[in-house]
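Here is a friendly note to read with the sequence and the structure open beside you.

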Amino acid sequence: MSVPEPSSDELEQLLARCAAQDSAALEKLYQRVAAQLLAVVTRIVRRRDLAEDALQDVFVRIWQQARQYDQIRGRPLAWMISIARYRAIDMLRGQRRVVSLDDGDMPMQLIADGASDPVEESSITHNALQRCLEILTAGQQRCLVLAYQQGLSHEAVAASVGHPLGTVKSWIRRGLQSLRRCLES
Amino acid sequence: MNYQGDELLEMLAAEYVVGTLVGAARRRFERLCSVSVPASAARGRWEDRLAVLALQLAPIQPREQVWRGIQEIIAVQTRAPARARSGRRRWLPLAAAAALVGLAVWLGPRLLTTRPATQAVTVLGADTQHPQWRIERSADARRLMVLTFGAVSANAQQSFELWALPGDGKPPVSLGLLPRQGELARVLSEAQSMALLAAEKLAVSIEPPGGSPTGAPTGPVIMVGAVKTS
């Protein structure tokens, strides 16, 4: 499924060079991670053109914020994935507001797609998160993965899985609490 | 609310990262992270933990123009601070040269005519390879400048209206109609320049001749461009 994850050391060095305004480093970074980040934003915004616009913003932000990257923000790839996800989530939520002005042009069928999406199997088998995800109930796991990968709100997750909003909220909250306990143990 | 409570902070950070923390609560948590090390550390931990879910997705190779668009934006942005920050003279000539190369290649020779008081807001187009309008503003956002790339194909029943989209759910604010060719400069009202300064994105909608009759977009939104942060 997934390409080998680039090493954190390499990515950190490239980010440090970006912070020093070395655009060749940004290009190299782009070659390493752009395809993975495009997958992340596409899953959320659901349209290739919007996703590529978002990806451009993401790399401009990486360029601008490289100086602020700090290990407190976690591994560099996770940091970049987060920039991509937050940008896509903002775009998704902003875009829905725009599009709601014009009901005929709803660009995405989140709910229908989401309902038929299986929870995918991870290629990263030795990951603690994967192990800990398995202790969650099927409902908790499904809601969490849907919300994370597709940028769905509680309401959209509830509509997607066909359970009441309150149930979904508590599944996600309890799922996260269980994950935390498992990961910290 | 006591954000320092460990459990509460962890759960806020987790829901922020998952994306289920929405609206004003989401923005509040972002502000908290910018001033609180425990909050931003909690966010970083969850970003790390959950990133594996993002790595499960099969990579999608971007089209070639995406990288070229990034180069273009970076070249334009490098140009603006190069003028403003006189203290950084050592890299200024290099940055200026890089910006000129970027501009010459990607934006066309006509943009080399300097307009010292303007800054780029966004470029709107069907995609990054087909820019249609370049939007600039004066530093105080009281003037808007629009440059049309080529001529816009549209029938006489259509006009193109530019909107500032605030990031906080407020309704779009019209910045007026876009020209079909050439350049246009217009003075904005107080409300328009406030909206332009606050906008996260600009959008173009198709409207009847003369513009939207309602003050809100009525036709399809055909383009959305992110506002460049300076």
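The numbered points below go from one chain, to the contact between chains, to some single residues.

1. A word before you start: this is a predicted model. Please keep that in mind as you read the points that follow.

2. Let's begin with chain B. What does chain B contain in the way of helices and strands? There are 6 helices and 8 strands. Along the sequence, their order is α-α-α-α-α-β-β-β-β-β-β-α-β-β. Chain B has 230 residues, and 39% of them count as buried. Look also at the contacts in chain B between residues with a separation of 6 or more: 57% of these join residues 24 or more positions apart.

3. Now turn to where the two chains meet. On one side are 50 residues of chain B, and they are in contact with 62 residues of chain A. Five elements of chain B each supply at least two residues of this side: helix H1 (6-18), helix H3 (37-55), helix H4 (64-84), strand E7 (199-207) and strand E8 (221-226). Which of them gives the most? That is H3(B), with 13 residues. Sorted by class, the side of chain B that touches chain A has 30 nonpolar, 11 polar and 9 charged residues.

4. One helix pair that spans the two chains deserves a visit. Helix H9 (residues 165-184) of chain A packs with H1(B), their axes 10 Å apart and the angle about 110°. An angle from 65 to 115 degrees counts as roughly perpendicular, and H9(A) and H1(B) are therefore roughly perpendicular to each other. The crossing of H9(A) past H1(B) is right-handed. H9(A) brings Ile172(A), Arg173(A), Leu176(A) and Arg180(A) to the contact, while H1(B) brings Glu10(B), Met11(B), Ala14(B) and Val18(B). By class, this contact has 5 nonpolar, no polar and 3 charged residues.

5. H9(A) also has a partner inside its own chain. The axes of H9(A) and helix H7 (residues 138-150) of chain A come within 8 Å and cross at roughly 90°, so H7(A) and H9(A) are roughly perpendicular to each other. Among the residues in contact are Cys143(A), Leu144(A) and Ala147(A) of H7(A), and Val168(A), Trp171(A) and Ile172(A) of H9(A). Here the classes come to 6 nonpolar, 4 polar and 1 charged residues.

6. Next, look inside. In soluble globular proteins, nonpolar side chains tend to be buried together. The largest nonpolar core has 78 residues, and the members that touch the most others are Leu37(A), Val41(A), Leu55(A) and Ala88(A). Setting aside neighbours within four places in sequence, Leu37(A) is in contact with Leu55(A), Val58(A), Met80(A), Ile81(A) and Ala84(A). A second, separate core has 28 residues, including Val123(B), Ala195(B), Leu196(B) and Val204(B).

7. Finally, check two backbone angles. Most residues other than glycine have a negative phi. Arg46(A), not a glycine, has a positive phi of about 70°, and is found in the loop between helix H2 (23-45) and helix H3 (48-65) of chain A. Ala141(B) is not a glycine either, yet has a positive phi of about 65°; its place is the loop between strand E2 (131-138) and strand E3 (143-148) of chain B. Are these residues buried, exposed or partly exposed? Arg46(A) counts as partly exposed because it has 19 C-beta neighbours inside 10 Å, and Ala141(B), with 18, counts as partly exposed too.

Note on methods: Residues numbered from 1 in each chain as written. Chains lettered and ligands numbered in written order. Predicted model: local features only at pLDDT ≥ 70, side-chain atom pairs only at ≥ 80, totals over all residues. Contact = placed C-beta atoms within 7 Å. Helix = DSSP H or I, 4+ residues; strand = E, 2+ residues; numbered from the N terminus. Nonpolar A, V, L, I, M, F, W, Y, C, P; charged D, E, K, R; others polar. Axes fitted to C-alpha atoms, helices over the stretch in contact; angles between N-to-C directions. Parallel < 35°, antiparallel > 145°, perpendicular 65-115°, else oblique. Left-handed = near helix turned anticlockwise from the far one by under 90°. Core = buried A, V, L, I, M, F, W, Y, C linked by C-beta atoms within 7 Å. Buried ≥ 20, exposed ≤ 12 C-beta atoms within 10 Å, placed from the backbone.
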